[in-house]
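Let's take a walk through this one, a piece at a time. Have the sequence and the 3D view ready, and follow along.

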Amino acid sequence: MDLPYKSQILKLFKEDREMWEYEAAEKLMKKNGISSDYWKWNSRFWLMELSVAGFIVAVDTAEDDGAHFAKGKVLSKYKLTERGLQTIETMLED
Amino acid sequence: MVANAESIAKEKKNRIKWGFIWAILCAVLWGLGYVPLTILWGVDPFSNFVWFDGQAGYLVSGVIIAGMQAIVFAVVLLLFWAGLTGKFKESIKTFVHFKISKWLLVAALFGGPCAVFGSTIAIGYIGAGFASAIGLLSAVVGALMAKLLYSERFSKKTVAGILLLLAGGFIILNPLDMINNITNPAAPDGVWLGYLGGIMSAVGWGLEGCYAVRALDTTDADSSLPVRYTWEALIWVAILFPVVAVIAGFGNFYEALFAALTSSSFMFWMVMAAFTLGMCYATMYKCYPLIGVGRTLSLTAMYSPIAIIVLFVFFGVVPAYWIFVGAIVAVAGMFVMYWESDSISDTTREEV
């Protein structure tokens with residue numbers, strides 16, 4: 001069975017070490033055949049949680065012109081950290 | 001266009017703000033939870049518990065109440081909370097991945113048979129006011145363990161806040177009164193079991209957070225909590241109920257359990273407990289990733305003064321003066337921590 005979404009979105013960073021949050025969210029949704037604002041915003045929330053835990057770190061930011069989440073929101077480009085990689089390897093891989 | 005520092009700071013503030021909102025909501029629900037938990041001891045079949053008497057009666061009642069709590073909470077949270085948030089399937093995915101799920105199993109062990117059962121017998125032997133007050137110490141256990149296990153960052157103000165909460169907890173607990181109670185020859189038999197249960201609840205809840213967060217690192221809070229309760233329900237049904245049944249007498253135990261299951265007033269108040277205590281857990285699990293385990297447990301310590309007020313409103317239990325003093329000190333501790341929110345850094349943990 002697939003991993004839970006939040007685990008999957010972290011794991012995506014092993015392939016692409018750096019991603020804008022909307023890229024990661026789109027990739028997750030495409031992979032799982034889901035597309036809705038609900039999961040898009042949930043993805044953004046999970047990425048924020050993952051950054052608080054220190055697994056990914058924001059390396060760039062931009063202001064959303066309304067094309068991705070909502071106008072005026074901060075968009076972050078995240079990069080996988082060493083701790084994030086360790087977590088993927090110990091918890092999310094067989 | 002690079003986002004300006006102001007909007008980045010605003011987003012961070014937003015995260016902290018939501019962490020605090022969930023924590024306060026958790027404290028209110030937790031405090032309210034002592035109402036159904038108290039009533040459970042007074043309704044059929046526990047109001048007139050015919051299968052066991054004396055100490056054995058209290059302990060078996062405690063086992064049945066705590067175990068039923070896990071089962072009912074698991075069902076309610078899975079259907080209501082995971083269902084409402086559209087994360088039912090996520091819960092199943094979380095449950096079957098044992099590398100993630102095992103941390104929720106450990107959390108369930110500490111949170112259930114240790115903390116909830118301990119708190120249940122503390123309510124039964126001593127009273128809900130005491131049980132809620134001693135549970136405050138879980139904030140300290142959790143904060144220290146979070147520091148040890150995850151190097152969670154504490155600023156001076158966080159430490160000051162924790163110390164104030166601790167001081168408030170101690171005043172509420174009133175160790176002098178506790179010692180008098182235990183050593184008083186006129187005290188009811190087995191009152192020490194109530195204190196032991198209280199300590200179990202403090203240690204259990206503190207450790208639960210520290211292990212649950214390992215799973216929450218990579219899973220969603222809304223879908224993980226029902227998994228934690230499913231594990232706990234399984235532990236009770238598959239291990240603890242049979243063990244207690246063998247010790248206490250098979251027929252009597254399952255007859256008592258069946259009586260609880262079929263008592264409509266018992267089941268009604270259990271579902272009420274699920275919507276207060278169970279939901280308080282849902283908000284608590286949302287807090288952990290947002291503001292860290294230590295800070296969550298310290299903030300949610302507000303549940304104790306709330307419980308004391310609620311118990312007064314619903315049951316007319318008049319708290320002693322030291323409980324008011326302790327509550328004021330604990331609230332002061334919370335404000336000290338809130339003022340610290342500006343200095344909470346981007347991650348809750350030390351850099352590696």
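Are α8(B) and α9(B) parallel or oblique to each other? Before we get to that, some ground rules. This is a predicted model, in which local features need pLDDT of at least 70 and side-chain atom pairs count only at pLDDT 80 or more, while totals for chains, interfaces and linings use all residues. Residues are numbered from 1 along each chain as its sequence is written, chains are lettered from A, and ligands are numbered from 1, in the order in which they are written. Helices (H or I, at least four residues) and strands (E, at least two) are DSSP runs, numbered from the N terminus.

Now for that helix pair. Helix α8 (residues 175–183) of chain B packs with α9(B) at an angle of about 140°, their axes 8 Å apart. Those axes are lines fitted to C-alpha atoms, for helices over the stretch in contact, with angles running from 0 to 180 degrees between N-to-C directions. Angles under 35 degrees count as roughly parallel, over 145 as roughly antiparallel, 65 to 115 as roughly perpendicular and the rest as oblique. α8(B) and α9(B) are therefore oblique to each other. The residues that meet are B:M178, B:N181 and B:I182 from α8(B), and B:V191, B:W192 and B:Y195 from α9(B); a contact here means that the C-beta atoms, placed from the backbone, lie within 7 Å. Sorted by class, that makes five nonpolar, one polar and no charged residues. For the classes, Ala, Val, Leu, Ile, Met, Phe, Trp, Tyr, Cys and Pro count as nonpolar, Asp, Glu, Lys and Arg as charged, and the others, Gly among them, as polar.

Stay on helix α9 (residues 191–216) of chain B, whose axis also comes within 10 Å of the axis of helix α13 (residues 293–300) of chain B, crossing at roughly 140°. So α9(B) and α13(B) are oblique to each other as well. Here B:G206, B:G209, B:C210 and B:V213 of α9(B) meet B:V293, B:T296 and B:L297 of α13(B). That contact has four nonpolar, three polar and no charged residues.

While you're in chain B, look for the peptide bond between B:D44 and B:P45: it is cis, with omega at about 5°. In general, most peptide bonds are trans. You'll find B:P45 in the loop between α1 and α2 (54–84) of chain B.

Over to chain A. Its open sheet has three strands in the order β1-β3-β2, with antiparallel pairing; strands pair if DSSP finds at least two bridges between them. β1 (18–20) and β2 (56–63) of chain A stand at the edges with a single partner strand each, so one side of each has no neighbour in the sheet. From one strand to the next, the twist averages 20°. β1(A) is joined to strand β3 (residues 74–80) of chain A by three bridges, and A:W20 has A:K77 in β3(A) as its bridge partner. Across β1 and β3 of chain A lies helix α2 (residues 21–32) of chain A, running at about 90° to β1(A).

Chain A has a helix pair to look at too. Helix α1 (residues 5–15) and helix α3 (residues 37–52) of chain A pack at an angle of about 65°, with axes 10 Å apart, and are therefore roughly perpendicular to each other. A:K6, A:I9 and A:L10 of α1(A) meet A:S43, A:W46, A:L47 and A:L50 of α3(A).

How do the chains meet? 26 residues of chain B are in contact with 26 residues of chain A. On the chain B side, the elements giving two or more residues are α1 (5–40), α3 (88–96), α4 (98–125) and α12 (264–291). That side has nine nonpolar, nine polar and eight charged residues.

Finally, confidence. The predictor gives the complex an ipTM of 0.92 and a pTM of 0.87. For chain B, the mean pLDDT (the predictor's confidence in each residue, from 0 to 100) is 85, and 93% of its residues reach 70 or more.

Conventions. Contact = placed C-beta atoms within 7 Å.
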